[in-house]
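Please read them with the coordinates open.

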Amino acid sequence: MKINLAKVVPALFVIPIVVFALNDEEGNNSAASYGSEPTKSYAAHAEADAYLDRVAVELAQPGLYVDPSVASYNFSAREAERLDDLAAEADAPLRIAVIPADRLEPDDDGEPSYDYSSPGSSKELAYTGIELAGQLYDRVGADGTYAVLVDATSQGAGRSFHAGQWAEEGETYDVEGAAEDAISCCAPDYETMIAEFIKESDDVDHGFWWWAAWICAPIVALVALVTGGKAWGRRRRRSRAEAEVVEVLRPPLNEEVIELSRRVSTLPPGGDPDSALAEATLTVLDLVEQARHRIDSLRTGADATEVTSRLADARYQLTVIDALRAGQPVPDRTPPCFYDPRHGPSTTSVDYRPEAGSTRKVHACQACADMVAAEQDPPIRMIEKSGRLRFYWEVDTASKAYLDGYWRRNRHPLREAEKARRMTWAGLGDDPDDDGEPAFTFVWESDTGGSAGGGGSGWGSGRSGGSRFTSFGGGRSSRSSFRSGGGGGF
């Protein structure tokens, strides 16, 4: 059974690709939405920006900063110190800020514009969501993961936890998943939430192409296994076919070599060493000797063809010797006698009618032509296979080696014989329905594009409403390095 991987593989990837595309579009839309918010005046942001500047100073080095007003009722000093050490020792640079919501939207007089203590109160803050983490990144200016826990009485009042990773190089961490898991498992317990986030924040987000590679690896291995298995099977079948050719042709070729050796051993000397007769005699002796040596080392069908080729040359040289001795011109090289190639080159054409088929012209030696003229059927060369004598063009794979050596560039008059000659050695012994192609065809095409870790291309360079970007860490304050991020209210 054959499987077309060109159709199967795309089907395996339809769902992951769609999900990846939707997630990427969602991330771009979300990032773009931060830059599309209405720009507020510098006066409305002045105190929030000044406060974030002070927080950024506290986060110049990786660790945890807890606003004193939050720590007084949500964090113990010992736990805050422990979490600070855990954040500082994380695999990726990790900066976490815990700040109160009322410091993000004060009035001009510095007082909150809403009743912070009322659970039902709700008012827009200066910065919300992952944009708040981005503001800290802009101010610190060092690559890494930034997380902000906003303390309030309720989600409507601004209580939330968001985190994002900004990095020009290195691993991409599943910051979004870590933040969401921390909220799901532990909210509203701040200490446990942050501990859970720190624990999961270094989980690498391999992305779509990493998972695609893992999916492809077994498929590629299967392709290699099946293709290699088929190649090995073809080699085994060819080896068996070659062995069969040698087994079938060795006895008849050995007989022909012995018969020719006896004939050439009775040839009289060629006379003058420089004469054409002496040269032809020496040539036929060399050809028979070469054929004998080839028989001794017969291993493949190609070896058998080399033997029959030398036998055909030797038989032609015998006709040359006969012509020279009779004082006649050297005859042209003609195809061998159709009835029996051992008769040597043909001298004429006769009509031949097979048991099934129409009459056709075939080349024949003079002796066979005389028998046809006398309305007799000349005996056809037979080769034994599996205990049964067959015409020399009907011994399957062995016919190719035999015919190619004797007929060479000449066309055999029978279609069955030409069909045997067109057989390829690579296909010998294969299954009838096997076209010789691999069972699988695997093609992987990928367009070159942006980094799989991107997703923050919609980030701008920060708000233009008077927000001051002061770099304390010496890094880049560029939103284009956004890798991943998310979170939510609780």
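1. Basis of the note. This is a predicted model, in which local features need pLDDT of at least 70 and side-chain atom pairs count only at pLDDT 80 or more, while totals for chains, interfaces and linings use all residues. Residues are numbered from 1 along each chain as its sequence is written, and side-chain values use heavy atoms, with hydrogens and water left out.

2. Overall content. The protein has 13 helices and nine strands, where helices (H or I, at least four residues) and strands (E, at least two) are DSSP runs numbered from the N terminus. Of its 490 residues, 43% count as buried; buried means under 20% relative accessible area, exposed means over 50%, and partly exposed lies in between, with a 1.4 Å probe and protein chains only. Among contacts (heavy atoms within 4.5 Å) between residues at least 6 apart in sequence, 69% join residues at least 24 apart.

3. Helix α5. In helix α5 (residues 130-140), 11 of the 11 residues are buried, so the helix is largely enclosed by the rest of the structure. Just after α5, Gly 141 takes a positive phi of about 80°.

4. Helices α6 and α7. Helix α6 (residues 175-186) and helix α7 (residues 190-200) pack at an angle of about 150°, with their axes 8 Å apart; axes are lines fitted to C-alpha atoms, for helices over the stretch in contact, and angles run from 0 to 180 degrees between N-to-C directions. The two helices are therefore roughly antiparallel to each other, on a scale where angles under 35 degrees count as roughly parallel, over 145 as roughly antiparallel, 65 to 115 as roughly perpendicular and the rest as oblique. α6 passes α7 in a right-handed crossing, that is, the near helix is turned clockwise from the far one by less than a right angle, anticlockwise being left-handed. Among the residues that make the contact are Val 175, Ala 178, Ala 182 and Ile 183 of α6 and Met 193 and Phe 197 of α7. By class, this contact has nine nonpolar, two polar and three charged residues, with Ala, Val, Leu, Ile, Met, Phe, Trp, Tyr, Cys and Pro counted as nonpolar, Asp, Glu, Lys and Arg as charged, and the others, Gly among them, as polar.

5. Pro 188 is found in the loop between α6 and α7, and a cis peptide bond, with omega of about 5°, joins Ala 187 and Pro 188.

6. Helices α10 and α12. The axes of α10 and α12 come within 7 Å and cross at roughly 35°, and α10 passes α12 in a right-handed crossing. The residues that meet include Ala 304, Thr 308, Leu 311 and Arg 315 in α10 and Ala 401, Tyr 402 and Tyr 406 in α12. This contact divides into six nonpolar, five polar and two charged residues.

7. Arg 310. This residue lies in helix α10 (residues 301-325) and, at 17% relative accessibility, Arg 310 counts as buried. A polar contact of 2.6 Å joins its side chain to that of Glu 306; such a contact is a pair of N or O atoms within 3.5 Å, of which, within protein, one must be able to donate a hydrogen and the other to accept it, and residues adjacent in sequence count only if both atoms are side-chain atoms. Leaving out residues up to four places away in sequence, Arg 310 touches Leu 287, Gln 290, Ala 291 and Arg 294.

8. Arg 263, in helix α8 (residues 207-265), counts as partly exposed at 36% relative accessibility; residues up to four places away aside, Arg 263 touches Arg 315 and Leu 318. Ser 261 also lies in α8 and is partly exposed, with a relative accessible area of 24%. A polar atom of the Ser 261 side chain lies 2.7 Å from the backbone oxygen of Val 257.

9. Positive phi in loops. Asp 396, in the loop between β8 (388-391) and α12 (397-407), has phi near 55°, a positive value in a residue other than glycine. Arg 408, in the loop between α12 and α13 (415-421), has phi near 50°, likewise positive in a residue other than glycine.
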